[in-house]
There are 2 protein chains.
Amino acid sequence: MKTEKDKVDAIKNGEKHFLHHLSIDCVLFGYHEHQLKVLLLQWKHSGKWSLPGGFIKLDETLEESAKRILKERTGLDDIFLQQFQSFGDPKRSHRSKQDIETLAIVSGSLIDETHWILKRTVSIGYYAVTEYSKVTPRPDPLSEICEWWDIDELPQLVFDHNIIVTEALKALRLQIYHQPIGYNLLPEKFTLPEIHALYETILGKELDRRNFAKKLISLGIIKKLDEMRSIGAHRSPFLYKFDKRKYDKALKEGIALAF
Amino acid sequence: MKTEKDKVDAIKNGEKHFLHHLSIDCVLFGYHEHQLKVLLLQWKHSGKWSLPGGFIKLDETLEESAKRILKERTGLDDIFLQQFQSFGDPKRSHRSKQDIETLAIVSGSLIDETHWILKRTVSIGYYAVTEYSKVTPRPDPLSEICEWWDIDELPQLVFDHNIIVTEALKALRLQIYHQPIGYNLLPEKFTLPEIHALYETILGKELDRRNFAKKLISLGIIKKLDEMRSIGAHRSPFLYKFDKRKYDKALKEGIALAF
DNA sequence: TCAAAAGTGTTCAATGTACACCCATGC
DNA sequence: GCATGGGTGTACATTGAACACTTTTGA
């Protein structure tokens, strides 16, 4: 785990450790009880909101880099992670004078317009999905706050980050029709209403309970167990689990869902 | 249009004009009479084959960069172009000693291991599709030959370019189910057999003529004209054209094809 | 008149969609 | 016993898939 000192050091000396002109931005979708949220950071001083992001170390793959960034913000290791698009408009990452001052103050370093971190940066977008009740968001050294925002009520974000979120959501919703999801999002054993709510939330629309269950079961990626979950003052739902074999096969070969 | 001198100059002085650590690789699919090909370049001296690619100028967008690269190799301007994935394995772009010598010879420049062009490079992959009978491939200054290769008979390519081709084809085939294609690939007026062959070729499988036509027409993206094309010693097929309004709508909103 | 390519419609199967009532549980 | 949420099946509509014969054209 990185210490704050390491991170500040990265701004000062990152020139030697990171790829210039490139960054990773992560759209982390948090799912919980029919709500879809996005993890955002609020920058110190300027108060602007941004996606969690970072730079790529000289010797790590893009995916390792995205995983590292997410782990630093969430502590989570096994996250459903997908590269979806790169953003490279020459003007996308313009920083204001105030931002530059903030970077200088936070890092205790001399930062002028020629600093590597201020050069034109192409950002590789990754999205990820997690159960947000499991996460304790941690700000990075440049940020005061790291917290979840409702997908429908995002503030204005820095750079082109609003566009990145929109594109990530589009990509996620497209992907969900071709690959199963849920493996890292649901407990090992889950109920039909749980996975149903997950799909409804991500797709942002209602899905008929019966038809939904029929399809997942007929695809064979989930199977019913002989156990039930006690949910208090209501009928106990059956538990299901993923058929890992068929789930992985569907991940690799794709499926055709049409909800 | 760039002269050879400009290109060689780019290797010598590109440090100032291009983004380091980043490149664009283009998988240009060429379609003609039921054959799908890919445009490849053969490097001077080493004889290795690669995708057309290049670096990103400081002030151009990623898409402009990809368009520029394709225009230099094909002369074509209006090409169906899609960003599909970025490739960033730290070892993906390792160059052999021989390659480095070749670069030095061709550019008449001193190139050692510290040269910017040899640094770790993340490549942003674009694919494009064109009618290859319209194209006269032009080698770049580093290459002897620029020519079409059958998609099923590709040679071993440099770096991870075989993987890039495979991923591009996967992305193209996925996209074709969600967005119409053909606008820049077919003449303004075309016949059903023509667009049918286009889809069959890209998808690499046979599609029932009647069902295929039924679907495209029922989606409304093509419409029948009162004209026919004379094709010699056979029955004259009707001409169709795209309904641009519905075509663009389908491009934006997506469609669900299931051939 | 023949060869080659294009036009066309129907039937059957599978899938998707819409829909409502009963059951279990804890308070 | 009641409120709440979960379980379940059927009928209908739509879509997909399979399939063959006739027409046009120029040689």
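Start by selecting chains A and B together: they bury about 1,600 Å² between them, 65% of it on carbon and sulfur atoms (buried area being the accessible area, 1.4 Å probe, that two parts lose on being put together, summed over both). This is a predicted model, where local features need pLDDT of at least 70, side-chain atom pairs count only at pLDDT 80 or more, and totals for chains, interfaces and linings use all residues. Residues are numbered from 1 along each chain as its sequence is written, and side-chain values use heavy atoms, with hydrogens and water left out.

Stay at this interface and show 8 residue pairs in polar contact, both at pLDDT 80 or more (a pair of N or O atoms within 3.5 Å; within protein, one must be able to donate a hydrogen and the other to accept it, and residues adjacent in sequence count only if both atoms are side-chain atoms). On the chain B side, pick β5 (80–87) and β6 (122–131), each supplying at least two residues (strands are DSSP E runs of at least two residues, helices H or I runs of at least four, numbered from the N terminus). β5(B) gives the most, with 4 residues.

Now move to DNA strand D, surrounded by 23 residues (each with a heavy atom within 4 Å of the strand). Among the closest are A:Arg209 and B:Gly232.

Zoom in on the bases: a polar side-chain atom of A:Arg235 lies 3.1 Å from a base nitrogen, and one of B:Asp208 lies 3.4 Å from a base nitrogen. For the backbone, click A:Phe238, where a backbone N or O atom lies 2.9 Å from a phosphate oxygen.

How values were computed
Chains lettered and ligands numbered in written order.
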